Amino acid sequence: MHQIETIISPALFHLHEEGIAHKHVVVIDILRATTTICVAFANGAREILPVASPEEAAAMQKQGWIAAAERNGETVPGFDLGNSPQDYRVETVSGRKIALTTTNGTRALQMSSAASHVWVGSFLNAQTLCDRLIDDNRDVLLFCAGWKDKFNLEDTVFAGYLASLLSEHFSITDDATLAAIDLYNLAAADLKGYLQKASHVNRFKSLHIETDLEACLKLNTLSVLPEFRSGSIQNSQYAPTQS
Ligand code: MLT
């Protein structure tokens, strides 16, 4: 059986790079980058380019791309969009290409580029993502973007949710994944209530963007499957194998 392992911080990513060319990486940044990317594709975005700096995003504006930049939870002044999934509406993103830089999520995507496949995971597209991982049947790395290399609750809670959905099809012996499953089980009855203690949710409160939390917890509402490949993200066309 293929394995699932969980990386709870980018600072630990180097411990999992052996054999990564044969593994599928799920990049997780629940609040909010991977959620925002899923919403953007659900609303018709054509392509998303994760870039390292606001300057790189701004340079793409000249080529007609939407420039989106977030730092420390706030939209960088002068940019079309920040990182709130609520701003990636159909009328804003449909048919458009988006250059995006965020504090943690876009960096985690770029760190994963050597993997066989890099998928964008969120609560919104979790079941579609699981169907694909089961179909492909390869070793999986659940990569939590965290906060500036620190552990955060929401990403590991989601890793635990995903691992729970996959547990009948994969071998799970990795302590980080076992802990993530326990953390999800602790939170599952009331995700929004559990995450009130999360540091990023408290950051949201100070920035008056609390409503983003609810937008990021809409379980299995989207059937998109964004894939990061050759430097950019596109929505992969996927229909689950009929079980
Ligand atoms: C990130 O990408 O680091 C987070 O999504 C930050 C945010 O958007 O608040």
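This is a predicted model: local features need pLDDT of at least 70, side-chain atom pairs count only at pLDDT 80 or more; totals for chains, interfaces and linings use all residues.
Close-up 1. One of the residues to look for here is alanine 69, whose bridge partner in β6 is threonine 101.

**Close-up 2. The hairpin of β4 and β5.** Strand β4 also pairs with strand β5, residues 74-75, this time in the antiparallel sense and over two bridges. Glutamate 70 has threonine 75 as its bridge partner in β5. Two residues lie between the strands of this hairpin, and asparagine 72 takes a positive phi near 55°.

**Close-up 3. The largest cavity.** Rolling a probe the size of a water molecule over the atoms shows where empty space is left. A search of the whole structure in this way finds two cavities of 30 Å³ or more, and the largest of them has a volume of about 50 Å³. Among the residues that line the largest cavity are Glu70, Asn83, Thr102, Thr103 and Gly105, together with Asp29, Trp147 and His200. The lining of the largest cavity divides into two nonpolar, six polar and three charged residues.

**Close-up 4. The second largest cavity.** The second largest cavity has a volume of about 30 Å³. Its lining consists of Asp29, Leu31, Asn104, Gly146, Trp147, Asn152, Glu154 and His200, which divide into two nonpolar, four polar and two charged residues.

**Close-up 5. Lysine 192 in helix α8.** Lysine 192 has its place in helix α8, which covers residues 191-194, and with a relative accessible area of 39% this lysine is partly exposed. Leaving aside its neighbours within four places in sequence, lysine 192 is in contact with Leu213, Glu214 and Leu217. The C-alpha atoms of lysine 192 and cysteine 216 are separated by 9.7 Å, although these two residues are 24 residues apart along the chain.

**Close-up 6. Serine 236 in the segment after β10.** Serine 236 is found in the segment that follows strand β10, residues 232-235. Its relative accessibility is 15%, and therefore serine 236 counts as buried, a word kept for values under 20%. The side chain of serine 236 reaches the backbone oxygen of leucine 225 at 2.9 Å. Apart from neighbours within four places in sequence, serine 236 is in contact with Trp119, Arg132, Leu225 and Glu227.

Methods:
Residues are numbered from 1 along each chain as its sequence is written. Side-chain values use heavy atoms; hydrogens and water are left out. On a 1 Å grid over the protein atoms alone, a cavity is a set of points where a 1.4 Å probe fits but cannot get out, and a pocket is an open set with protein on both sides within 12 Å along at least five of seven lines; lining residues have an atom within 4 Å of a point. Grid points are joined across faces, edges and corners, and a volume is the space filled by probe spheres set on the points. Ala, Val, Leu, Ile, Met, Phe, Trp, Tyr, Cys and Pro count as nonpolar, Asp, Glu, Lys and Arg as charged, and the others, Gly among them, as polar. Helices (H or I, at least four residues) and strands (E, at least two) are DSSP runs, numbered from the N terminus. Buried means under 20% relative accessible area, exposed over 50%, partly exposed in between (1.4 Å probe, protein chains only). Contact means heavy atoms within 4.5 Å. A polar contact is a pair of N or O atoms within 3.5 Å; within protein, one must be able to donate a hydrogen and the other to accept it, and residues adjacent in sequence count only if both atoms are side-chain atoms. Two strands pair if DSSP finds at least two bridges between them.
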